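Good morning, and thank you for coming.

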Amino acid sequence: MSRHFQSLANWQALSDQLPESCLRIASYNVHGCVGTDGRRDAARIGAVIEETGCDTVGLQESDYELDLIAAQTGMQAVPGLTLLRHDGHYGNALLTRRKVLAVRRLAFAWSSREPRNALDVDLEVGAHPVRVIVTHLGLWPAERRHQVKQILSLLKKTPISEHVVVLGDINEWLPLGRPLRWLNGLFGHSIVERSFPSRWPLLALDRAWVRPRHSLLALKAHRSPLAIIASDHLPVKALVATQAAATQPLASPACAEPYRPQRYLQASSSSGARTRRG
């Protein structure tokens, strides 16, 4: 069995140990459903989402085929603010099998740059409310700093005990960039998983932060033969416990090593990336 398939097996074994109250969530920049082979295929994106085994997925660069993907995966679609470009509508979205309690759509306009936004959704997970924020930050450093400040101002007003997941394409190429440092300062250091470009991942552009920090049980990029061609990004998926589940130690999966978060705490390379859409 290859290293990548063994890694997927380890993840599934760990997920199988956890109760339904554990949130299985991913961030996925689907690139308008256009794969690395240049072919637009929403069904292929849906198949990758099914591969992840997640019940909730935050999407970036989602297009008009969102409803088709939702139907294929059996999830509820929550669209964010959509933008109109020369190649069609696109934006953030959330797919979930969890009960949706509230939806807030946030605009993060900055100067004359392309408008960016965030989708802020409250979910019911194992009788606990969990706040999920899906975003896609801009390409310019000043733009990203402005957008992260908006997110931080929202979160600083929420109770520290509230479960929060912030995920998305952060577009931060530098490991020590201020947006990363600010988010790490509030949530604790995010686990680094290289997700772009999908064929030869060099950069950890897709991130997830969780509060309380100990609720994050595992995080990794989902790399499969289908994921490599379906989009120019790999999905990054996480296991997030509710308060009750987070206090229970994890047993080792029968067919795998126990999960060790420190194995993924590595700085990503900031060179050699291919031209990307943003």
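**The chain and its interior**

Of the 278 residues in this protein chain, 55% are buried. Please keep in mind that what you see is a predicted model. The chain contains 7 helices and 11 strands. Its accessible surface comes to about 11,800 Å², and carbon and sulfur atoms hold 55% of that area. Among contacts with a separation of 6 or more, 71% join residues 24 or more positions apart.

Let us now turn to strand E1, residues 23-29. How many of its 7 residues are buried? The count is 7 of 7, so to speak of E1 as mostly covered follows from its buried residues under the cut-off of 20% relative accessible area. In a regular strand, side chains alternate between the two faces of the sheet. In E1, one side carries Leu 23, Ile 25, Ser 27 and Asn 29, the other carries Arg 24, Ala 26 and Tyr 28, and both faces are covered.

Finally, the cavities. A search of the whole structure finds 2 of 30 Å³ or more. The second largest cavity holds about 30 Å³ of space. Its lining comprises 5 nonpolar, 3 polar and 1 charged residues, including Phe 187, His 189, Trp 209 and Arg 213. Strand E9, residues 206-211, gives the most to this lining, with 3 residues.

Notes
Residues numbered from 1 in each chain as written. Predicted model: local features only at pLDDT ≥ 70, side-chain atom pairs only at ≥ 80, totals over all residues. Heavy atoms only, no water. 1 Å grid on protein atoms, 1.4 Å probe; cavity = no way out; pocket = protein on both sides within 12 Å on 5 of 7 lines; lining within 4 Å. Points joined across faces, edges and corners; volume = space filled by probe spheres on them. Helix = DSSP H or I, 4+ residues; strand = E, 2+ residues; numbered from the N terminus. Nonpolar A, V, L, I, M, F, W, Y, C, P; charged D, E, K, R; others polar. Buried < 20%, exposed > 50% of the residue type's maximum accessible area, 1.4 Å probe, protein only. Contact = heavy atoms within 4.5 Å. Areas by Shrake-Rupley, 256 points an atom, 1.4 Å probe, with all protein chains shown as cover.
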